[in-house]
Amino acid sequence: MLNLKPMYMKKITFPGVLFMLPILVIAQHSLSKLQQLNPAPKAIGNYQVLQQNPVATITKSLKALGDTIWYDDFSNPANWAFSSGPSATGGSWQIGVDAGSLDTYTSYSGNNPFNPPTQTNGGAFINAVQYLLAPPIPIIDAYITWIGPPIDLTNDTGVVIAFWERYRAFNYDNVYVEVSTNNTDWTQFQLHNDLSVNSYYPGDYTEINISGITGGSSTVWIRFHFEALDNQANYGAGYGWRIDDIALLSPPNNNLTIKEVNIPYYYQNTGFVYILPKYYLGWYRPVAEIENSGALDQHNIGLNCRIVNEAGVEVYNMTADSTGVWETGTHDTIWLDSVFMPPYMKADYTATFTVSQQESEEIPDDNTMNISFLVRDSVYAHDHGIQTGAISPSLFMDGVDGDAIGLSYYLPIDDTLSSVSVFIDSNTTPGTIITAEVWKYDDIIGTWVLIIDSEEHLLQASDIGNWVTLKLTSEDGLQQYVTGEAWYTAMISCTWGSDTLWLGNDLSHPELHAYDYETKLRLGTTWYYTSNTPMVRLNFHREEFYPSNIFGRIYNDVNENCIFDSTDYPIVHGLIEILPGPYYAISNTDGNYHTYLAEGTYIIKQFLNNDLLAQQCPDIDTNYIITINTPNDTLTDLDFANSILGFCPHLSVDIASSQIRPCFTSQYVVYYVNNGTLTAENSIMEVELEDGVVCTDAYGQFESYSQNANIVTFNLGDLNPGMVCYLNFFVYIPCDFSLLGTTMCVEAHIYPDSLCLPPDPQWDHSSIAVEGECVNDSLACFTIYNTGDADEGDMDGASQYRIYVNNELVYAADFQLNGGDSQIICWPAGGNTIRLEADQRPGHPGNSHPQANIEMCGDSLSTFVTGQILPVPPDDMDDFIEIDCREVTGSYDPNDKQVIPSGIDEQYHYIDSAITLEYMIRFQNTGTDTAFNILIVDSLSPFLDITSIVPGVASHLYELTLANNVLYFNLPDANLPDSNVNEPGSNGFVKFKIALKQNLLNN
C-alpha cells in the first residue's frame, strides 16, 4: 500500500505581508511523517452497523496469472490442519459449503456474495460474527495450515500465491498469509490493513508475489491466519474471512505492476486533497508504488506521469528513471523530481502513470494507473464526491447530543468562510437536526476551539441522498473571517433522541488518505480520528476565478515590423496591467507573459519604464481591448512591440548573500542585465569588499577576475541588449567575533554606467562622494570629495551635509568644493553609529545620495551601538550600483523575510515614502534529504505599488508569476542539500524591489 504522509513544510508570516514558504524535503525511497497536530486516538467502531453494505474499496489484482504450479480447492479437508495460538479462547477455521450465519448476516454477505469458481466443492472460512451476535466473545488466533506433501518449487524462481477470498474489516482483527520453507519459520504477509472498519474486500482473486521467500525451494508450506486478540464487544471477534481455490502460479518473466499512485499536495501535511481552492495553489509531486511481479530481475525502471486538463491539453509530462536492478518481488516507490505547478485557474486534472523497464513487458495492462484532482474557486475537499459507504458518530458509540464528525483543512492564507457542505446518506431519518461547526486548532492551549457554526437545520425528505449546504454566520451575521497558517475542522454535529444521522462516506481510495491528519470525530468532549472520509467540505466566500488563458510577449522590435523575429530581443520582467481590476502579469526571461481572466471586456497595456523605448504595437492610445465570452478560452499573441528611440547600453546589477558569519565562507550571487539598446562592449564589474574580507573563488558568466586590496574586478566581456547573466563568488569572513552584530556591506558597480540621457543643463558637473573611518578609537572622521573634473567640475554653490548619531540628526552645515578637492569632518564617536550624508548639486544625473557610516568606533569604556545602518537606505538607487548590507550573525533564523531599509524606530519603522523597499526572502533545508523543488508565495501589502516591482537576484534560477497581488517564486531545480550534509549549500534566497504607493497619508 502506498500510504503517503506528506512532509512538513516551513511557513513564515510577517506583519502586513504574508509569506508562505513550503520547503519540500523528500528522499526518493524514504517517507517522513509529521507528529500529529493533536494526539487524538483512533475511534473504535460499534458492530451494530447498517444493514446496507458499503461497496468495497479498490480491488487490487495483478491479473498476471501464469502457469499453475500447484492448486487446491479444499475438496480434501485432510490436507489441512486447524490450530490456534496459545492465547486463543475460541474460534476456529472450518471447511465446507455452509458458512452458517456468515451468509444470513446481511451486513457481511451483502450484495456481492462469495462466489469462487469451485464454490460447490466447499471452501475454508472462519465465522467470527457469530460471537458478536451471541456473546461471550473469545480471543481468536486461528490458523489453517497445509499439511499435505510439501510443495516443490525447485524449478520455479518466480512464484505467486493466488486465492479467492471474502473479508470484512472490524476493529482489531487482522488477516495474514504465511509461507515457510521448513514448516517452522514463517514469513508473514498482512492483508487489508488499509481497509477501514466495516468495509470489504470482495470475492475476487488476491495475489502475492512470494518469489523472494519460496522461489527455488523444494519444500514449501502455506497457511492462513485470522486473529482478533481482544474479547470486548466493540473490539474483539469481528466478521470473518473466507478463502478458496488456492494456486501457486509461475508469473511471467518480465512484468512490472503499478500498485498505487498519488499526487501529494505539499503545503502542509494536509493529507489527500481532491478539490483545492486556487488561492492555495502550491505544487504536486507525483509518486507511484511499483512492484516487480515477474519471475526475473528487471533493469532500468522508468516512471512517467502525464497530466492533462479537462480539455485534454497536456500540462505536465515527466519521467523518473531508477537505474540498476529490481529483483523479483521488489516493492518500491518512485518519486518524480519535477513537481507540477497548476496555473491559477479552475481546472480538472487527470494524471496517468506509466511504468516501463529495459526488458520487454509481458502484461502491459497493469503498467498504467490514473488519478484525478480538481482546482476550484471556493471549495476545499478531501472526498472524491463518490459515496461508497455511510458514516455516523453513532457507529462508534451510543449517541450523545453534540457528537460530531468531519474533516480537517489547513488554510495557508487569511480567508473568509461561507458554509459547510455535507452529503446526507439515504439511511438518515427526515426530521433529524444537524448543525455545521468550524473549529480552529489553538497552538497556544493545544486544543480545538469552536469559532463559528450554522443555524440548526431540520433535514427534509428532499435532503436525503443529496448534498446539503449550511451557511456559517458569526454573531454579527457576517461571514467568518479566519486567519491563515492554521488548521480548521469542518464538522457536522447532531442531536440524537429518536433521530438517525448518516453521512456519505468516500472509501473509494483509502490508500491516498492520511486519516490521522484529515479526519476528526468528537464523542462528548473527546477527539478521535477514523479510517473513513466523511463527505464534509469547507466552502469560502470569494469572487469567481479567471478561467481563460492570456498569452503575449514584450520585446524590442529592432526592425519595427511588429513581428518578433531573429533581430529582436525580449524585455525581461516587463509589466502588464489589465483593467478593470487591476490585474498584473510579468514577463519571463524570454519576454513571455501569461495570466488568466474571467468573462468580460478588458484593456491590456504595458508599463514601459525605459526612456530608450516607445511602444509601437499596439498603438499606445488604444492598447489591446479584448472581450472574453466563454470560459476556458485562450487568447494568444497579445504582444507588445517597442521601437528604439536611442541607442545606448543600460546596465543594471543586483547582488546578495543569505548570511554573513565570522570564520565562515559566504557565497554572493550577482545578477546583471543589459536593459539598453546597444551592446555594452568590454564591460566590467567592480565589487568593493570590507577591509580584511578576501575573495576565495568565483564562477559564472565572466571572462576573468582579480582582486586588488578590497576591490574584486570581473571582466564581463560584451553584453548584448536583453542579455541576462549570473556569477557567483565566495568570500571568507575573518574569524573575529567582535564583528557579531555589526553590519558588513558589499558594493557592486557595473560599467559602462551611462544613464543614456543628456545631462541636465543646470548641473555644474560636480559629483560628491563620501568616505569615513574611525580615527584613534575616538573620532568618526568623514571625507567629502568632489570627484568632478578640476577644470569643469567646481561646485557653483553650496550644498548641505548632515551628521546623524544613531539615526538622530545632530548637526548640519554647508560645504562647497572645487573639482578634485575634499573636506574632512570629524565627530566624537563614543561607540555610537555615526552617519554623514552630503547632497549633490541640482541636476546631478542619477539618484545618488552620498553617505558613509561608521560603527564600533570607541575605546574600551564605550558602549557600542549597532543595528543603526540597515534602518536607512544605502546609496544604490542607480541601476548600475547595488550595495548589499547584512548584519554579521552567529546563529540565525534560516527562514525569514528581511527588508531594507528597515525603518527608524523599532516600533514604527519610519521611512521616506519616496524610498524603494528591497525585500529578501531566505530559506534553508533543515530536513534530512535533498529539497528538489521550492515554491515561495508572497502576498504583497496593499500599500505597495505593484507597477514599480523589480525582480532581483536569487540563489537559484526561478520563474516568477504575479497574480492578484501575490508573487509566486518557483525554483523548479533548487536541489538544496540538507543542512546536515552541506550547511552552506542548504541555504537560499530571492530578492525583489518595490516602492510604496504615493499619497498614503492622504488615504
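Is Cys774 buried, exposed or partly exposed? Cys774 is partly exposed, because its relative accessible area is 32%, which falls between the 20% limit for buried and the 50% limit for exposed. Keep in mind that this is a predicted model.

1. **The partner of Cys774.** Cys774 forms a disulfide with Cys857, and the two sulfur atoms are 2.0 Å apart. The torsion about this S-S bond is about 75°, so the disulfide is right-handed. Cys774 sits in strand β54 (residues 768-775), while Cys857 sits in the loop between β60 (851-854) and β61 (881-887), so the bond ties together parts that are 83 residues apart in sequence. Cys857 counts as buried, at 0% relative accessibility.

2. **Cys781 and Cys826.** A disulfide joins these two cysteines, with 2.1 Å from S to S. The link of Cys781 and Cys826 is right-handed, with 110° about the S-S bond. Both ends lie in strands: Cys781 in β55 (residues 779-786) and Cys826 in β58 (residues 822-828), so parts 45 residues apart in sequence are tied together. Cys781 is buried at 9% relative accessibility. Cys826 is partly exposed at 36%.

3. **Cys562 and Cys617.** Here the disulfide has an S to S distance of 1.7 Å. The torsion about the S-S bond is about 45°, so this disulfide is right-handed. Cys562 lies in the loop between β36 (548-556) and β37 (569-570), and Cys617 lies in strand β42 (residues 613-617), so the pair ties together parts that are 55 residues apart in sequence. Cys562 is partly exposed, with a relative accessible area of 31%. Cys617 is also partly exposed, at 21%.

4. **The overall pairing.** The count comes to six disulfides. Number the bonded cysteines of the chain in sequence order, and the pairing reads 1-2, 3-7, 4-5, 6-12, 8-11, 9-10.

5. **Aromatic pairs.** The structure holds 38 aromatic pairs. One of them is Tyr380 with Tyr409: the ring centres are 4.8 Å apart and the planes are at 45°, so the pair is tilted. Tyr380 lies in strand β22 (residues 379-380) and Tyr409 in strand β24 (residues 404-411), so the pair ties together parts that are 29 residues apart in sequence. Tyr380 and Tyr409 are buried. Tyr958 and Phe969 make an edge-to-face pair, because their planes are at 65°; the ring centres are 5.4 Å apart. Tyr958 is in the loop between β65 (944-954) and β66 (959-963), and Phe969 is in strand β67 (residues 966-971), 11 residues apart. Tyr958 is buried at 14% relative accessible area, and Phe969 is buried at 1%.

6. **A cluster, and charges over rings.** One aromatic cluster includes Trp70, Phe74, Trp80 and Trp93. Phe224 and Trp241 are also among its members. Elsewhere, Arg553 lies over the face of Phe564, 4.0 Å from the ring centre. Lys897 lies over the face of Tyr919, at 4.6 Å from the ring centre.

7. **Nonpolar cores.** The largest nonpolar core has 94 residues, and Phe353, Tyr380, Leu411, Ile492 and Leu538 touch the most other members. Strand β31 (residues 486-494) gives the most to this core, with seven residues. Leu411 touches Tyr280, Tyr380, Leu538 and Phe540, among others, not counting residues up to four places away in sequence. In soluble globular proteins, nonpolar side chains tend to be buried together.

How values were computed. Residues numbered from 1 in each chain as written. Predicted model: local features only at pLDDT ≥ 70, side-chain atom pairs only at ≥ 80, totals over all residues. Heavy atoms only, no water. Phe/Tyr/Trp six-rings, centres within 6.5 Å; stacked < 30°, edge-to-face > 60°. Helix = DSSP H or I, 4+ residues; strand = E, 2+ residues; numbered from the N terminus. Buried < 20%, exposed > 50% of the residue type's maximum accessible area, 1.4 Å probe, protein only. Lys NZ or Arg CZ within 6 Å of the ring centre and 35° of its normal. Core = buried A, V, L, I, M, F, W, Y, C linked by side-chain atoms within 4.5 Å. Contact = heavy atoms within 4.5 Å. Disulfide = S-S within 2.5 Å.
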